[in-house]
Each structure stands twice: as structure tokens, then as C-alpha cells.
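This report concerns pockets and backbone geometry. Please consult the sequence and the coordinates shown here.

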Amino acid sequence: VPYPETSGYIIGTFLACRDHYGDETFLHRACRIGDWEIALQAPSGGILSRPGSPDTRVFNTGQVMLGWGALFEATQETRYLDAACRAGDYLLALQEQDGAWHRDTYCGPRTYHARTDWALLKIGGLSGNVNYSEAACRNLAWVLAQHAGNGWFNHCGFHAQDPITHVIDYTLIGLLESFLLQPDVFPMTPLPVLKMAADAICESIDRYRVCGIRGMIPASFNKDWQSADDHSCLTGNAQLAYTLFRLFGMTG
């Protein structure tokens, strides 16, 4: 079944491919995805967890907003920004006083909603609506309050299971990209916290060596950055590689 969440955030990848290769078919593909997402948008402004489902999701909505924002920047077509603003209004309406989202989530408030904060900051900048940036600021404060002191974030996974690596990375990259986009929403830089997490992940690459392959990160971790997994999550490897590469570019 076509998946709105990942289709939303892959739009930026197709647009990057268009710029890199000079191939306009990537832009056409990205626009087709963006238009499909508009057709799926619920009257509330939220994005369905999947076509045919009655449930909208905070996280999925944020990921589609990132795609619409990238499309608006690339095309200046206002339908993409308008859809993103409707989605932003949906997120504002659902946010609780503590800054987190408790409703229309997969399993309650989660730190991986930092990736939704990234989207709110992006659309806030493009639209000039400070309410979106202020909402992102409130949730980012909640996310940082979940830091356990060793680079780990409580409530970063699904239910009580050990979090899988691609969800762990959603928190890390959400914080990093939000900081790069609008550093003044943070009372202090989150980079030391992100570096703790990155150091723990880098150490695990040599410690575990899934299937004996250096660079294959175990599929999940517990709060002490330990894992009993003998397999790896391809999505998590790709997303963590991106985050580590971004941190390398910033820190050397």
C-alpha cells in the first residue's frame, strides 16, 4: 500500500537528485507525490496513517509537511504551502500544554516528534506564521527534557520495546535539523547531547559487528546503548549514516 509518511519525506531526496543530475523527471516525480499527498489530506489538515484508514497521525503529517515545503521552495506553487499550513494548523490544534502530542499518535508522546518540529520550523519560516515555530519550540523543550544523560532519550521508541535504530535517529536528526534551521528556539545548543548519542552509536559499530560486518549497527538498543540483536535495520543504518555525516561536517 502506498505510504504517505515516507512518500512525504522522500520528496526532498528526489528534488536533490534533480539538482544533482539536472534531470527534470525527478521534479515531475516529486510533484506527483506532493499532489497525491494533497488528495489524501484529511479535512482536519492531518495526514492519514495510510490510504483508506480513518486515522491521522502527528508524525506522518510532519513528514509530508517537509515534502510540501521542499516542493514549494522548488516550484513556488502555492498549493504546496497552503497544504502545509493546513497541516500545521492541525498540529497546533492537537498540541498539549506540556508541548507534546498525546493524541493522534502511534503510542503517545514521543521524542521522535522532533522531526515534526523540524517541519513546523520549516513551514513557519516559509509562511511567516510564528505560531508554528512557537509550537516547535514547546515540543523541542519537552524532547530535551527526556534526555537521560548519556545521549539516550526516554520515550524514543514504540511502546515498551527497545527502540529500533531508525526511530532513534528520528529524534537525533529532528533535533539537529531544527537547530540548524532555527538555533534561537533552543535555550542552549543540543550539540553536546547529540554528540553523546553519536559517540555511543560509533562505539557500537565496532563492539557488535552484526554478521561480522563493520558498520552494520544492531537493529535496536536499550537505554544503556546495549543490544542483543544479531540483525540490522537497513533504514536505521542509512538514516544514522546521514546524521553522523552531518555531525562530521559540523564538528570535524
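## Pockets and positive phi values

H1 gives the most to the lining of the largest pocket, contributing seven residues. The model is predicted, so local features need pLDDT of at least 70 and side-chain atom pairs count only at pLDDT 80 or more, while totals for chains, interfaces and linings use all residues. Residues are numbered from 1 along each chain as its sequence is written, and side-chain values use heavy atoms, without hydrogens and water.

A pocket is an open set of points on a 1 Å grid over the protein atoms alone, where a 1.4 Å probe fits, with protein on both sides within 12 Å along at least five of seven lines; lining residues have an atom within 4 Å of a point. Helices are DSSP runs (H or I, at least four residues) numbered from the N terminus.

| Largest | about 590 Å³ | eleven nonpolar, six polar, six charged residues |

Of the 23 residues lining the largest pocket, Tyr9, Thr13, Arg115, Trp118 and Tyr242 are the closest to its centre. Helices H1 (4-21), H3 (58-75), H5 (114-127), H7 (165-181) and H9 (234-251) each supply at least two residues of this lining. For the second largest pocket, H3 and H7 each supply at least two lining residues.

Phi of Gln76 is near 60°, a positive value in a residue other than glycine. Gln76 is placed in the loop between H3 and helix H4 (78-94).

Notes. Points joined across faces, edges and corners; volume = space filled by probe spheres on them. Nonpolar A, V, L, I, M, F, W, Y, C, P; charged D, E, K, R; others polar.
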